[in-house]
Structures are given as C-alpha cells and as structure tokens.
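Work through the exercises below with the sequence and the coordinates at hand. Each task is followed by a stepwise solution.

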Amino acid sequence: MKISEPGYDRVCDERDIYERLLPLEDADILELGCGKAEKTFAIAERGKANRIVALEVDEIQHAKNLQRKTPSNVSFQLGGAQAIPVGDRSFDIVLMFKSLHHVPLALMDTAMAEIHRVLKPGGMAYISEPVFAGEFNEILRLFHDEQAVRAAAFAAVERAVAAGSFELASETFFDTPVHFENFEQFEEQILKVTHTQHRLAPELYQQVRQKFMHHMKTDGASFRTPIRVDLLRKV
C-alpha cells in the first residue's frame, strides 16, 4: 500500500471512480461522514442503490440534512464511524469520502473495526482520502495542517489490512478538479464549515487570502486535489 503515488495523469470527478469500482446496483450502502450529502444524493439519483444510510457527526450539518427533500431510499442518522448505530452485517458497501482523517486519532482503529462489523461478508469499504500535496493543500495548511491526521488515517487502513480484517482490492490515485468563483466562495465553503472551527487571526486571514488570490483568473481559481482511494473487501 502507498500513501501517495507521483506521476499519474488521471483527472476526473470522483463519481467516475466509485461507479467503476463499486457494485452499486441493489446495494445497501452506509456512508460515514456524509457532510452536506452531495455524494449521497448523487448516488441516490442514479437509482441503482437499494438504500443509503448517511451518517454525520456534526449536529449542525445533520440538522440541515434532515430539512432537505430526500429520496425514499435515503435516510440520515447522527453518529460517527467509531460508534456506528446499526446492526452487524447490515451493509454491502461502506463509503468514506475524505472523512476517516476526521475521526479522533485514538479511535481510528475502532472505526475500522466498526466498518468491518457492519459490512456483510465480502462487503466493500471504499475509503477516499486527500493526499497531502498540491497547490490547494498549500493554502489549506496555512490554517489547518492535516499532514499528521491524514498519515494516521492511512496507517489505520494499513493496520486493518495487515491484521487480516480486510483485503486490499485496489488502490487508485487521481486528481479531482476544484473551482471557486472568488475568495468569498472559498471562505463560505472552506473557512466557515461547521464540522471544524477555523478561527483565523486577521494577519493569518490576510495571508490565506493573498495566497488564494495568486490563483485567481478572470473565471475564478481552479485547483486539482490529489486523492487516494483504498478499496477494501471484508474477509
């Protein structure tokens, strides 16, 4: 297993990856750390899944999710990966889109054990994590350096595979495009998220803004975010 891989040239929306790797048709799917549920609704709209249960640990975002008009096969629950409020062997697929590194460090192994518990025999865990690299990451690390927690998340996946709980079905690296029309959109979507309280001092705020503005063009600021997907099969 590798935490990063230089030299690949794949740039795509992540939907291209998970639709290629996962047997979504008629599947019972659990998403952990669904955030604003963009992926949840994208999968539901394709009409292939039997049901999708989406968990979010952030109470503010969870309340917003509950207020949305939701497809009949989607339900939201409050909870984290370290204590999944569902029964054993309940799901064919578990999804984590850039959320494992948000689990408290001391509970990452517990989260992997919980994922194993709720998966049916032979079930798949799709764990997508941002690679600590790239120009967008250089902006983020000014106020929220995730190098240590991302490395810890990768190590937790490695340990789960080494322990024999899962086998590594595949490892995929790609870049996903990110675009902001202006700094105000970046501020709204990144600095004001409710799952993490970013309180930037005025001097740091200006430093972040200045670095962001270096990438602004007439149509906005565009970046590529490197992603690693570890696809695991329950043993």
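Predicted model: local features only at pLDDT ≥ 70, side-chain atom pairs only at ≥ 80, totals over all residues.

**Exercise 1.** Describe how helix α4 packs against helix α6, from the axes to the residues in contact.

Solution. 
- Step 1: Locate the helices. Helix α4 spans residues 108–118 and helix α6 spans residues 147–162.
- Step 2: Take the axes. They come within 9 Å and cross at roughly 45°.
- Step 3: Classify the angle. Angles from 65 to 115 degrees count as roughly perpendicular and those under 35 as roughly parallel; α4 and α6 are therefore oblique to each other.
- Step 4: Assign the hand. The α4 and α6 crossing is right-handed.
- Step 5: List the contacts. From α4, Met108, Asp109 and Met112 take part, and they meet Val149, Ala152, Ala153, Ala156, Val157, Arg159 and Ala160 of α6.
- Step 6: Sort these residues by class. The contact of α4 with α6 has 8 nonpolar, no polar and 2 charged residues.

**Exercise 2.** Apply the analysis to helices α7 and α8.

Solution. 
- Step 1: Helix α7 covers residues 183–191, and helix α8 covers residues 202–213.
- Step 2: Their axes come within 11 Å, with a crossing of roughly 120°.
- Step 3: Only angles over 145 degrees count as roughly antiparallel; α7 and α8 are therefore oblique to each other.
- Step 4: The crossing of α7 and α8 is right-handed.
- Step 5: On the α7 side the contact uses Phe183, Glu184, Phe186, Glu187 and Leu191; on the α8 side, Tyr205, Val208, Arg209, Phe212 and Met213.
- Step 6: By class, the contact of α7 with α8 holds 7 nonpolar, no polar and 3 charged residues.

**Exercise 3.** What is the volume of the second largest pocket, and which residues line it?

Solution. 
- Step 1: The volume of the second largest pocket is about 160 Å³.
- Step 2: The lining of this pocket consists of Ser4, Glu5, Pro6, Gly7, Tyr8, Val131, Ala133, Gly134, Phe173, Asp175, Arg224 and Pro226.
- Step 3: Elements giving two or more residues to this lining are β6 (166–180) and β8 (220–234).
- Step 4: The lining divides into 6 nonpolar, 3 polar and 3 charged residues.

Conventions:
Residues numbered from 1 in each chain as written. Heavy atoms only, no water. Axes fitted to C-alpha atoms, helices over the stretch in contact; angles between N-to-C directions. Helix = DSSP H or I, 4+ residues; strand = E, 2+ residues; numbered from the N terminus. Left-handed = near helix turned anticlockwise from the far one by under 90°. Contact = heavy atoms within 4.5 Å. Nonpolar A, V, L, I, M, F, W, Y, C, P; charged D, E, K, R; others polar. 1 Å grid on protein atoms, 1.4 Å probe; cavity = no way out; pocket = protein on both sides within 12 Å on 5 of 7 lines; lining within 4 Å. Points joined across faces, edges and corners; volume = space filled by probe spheres on them.
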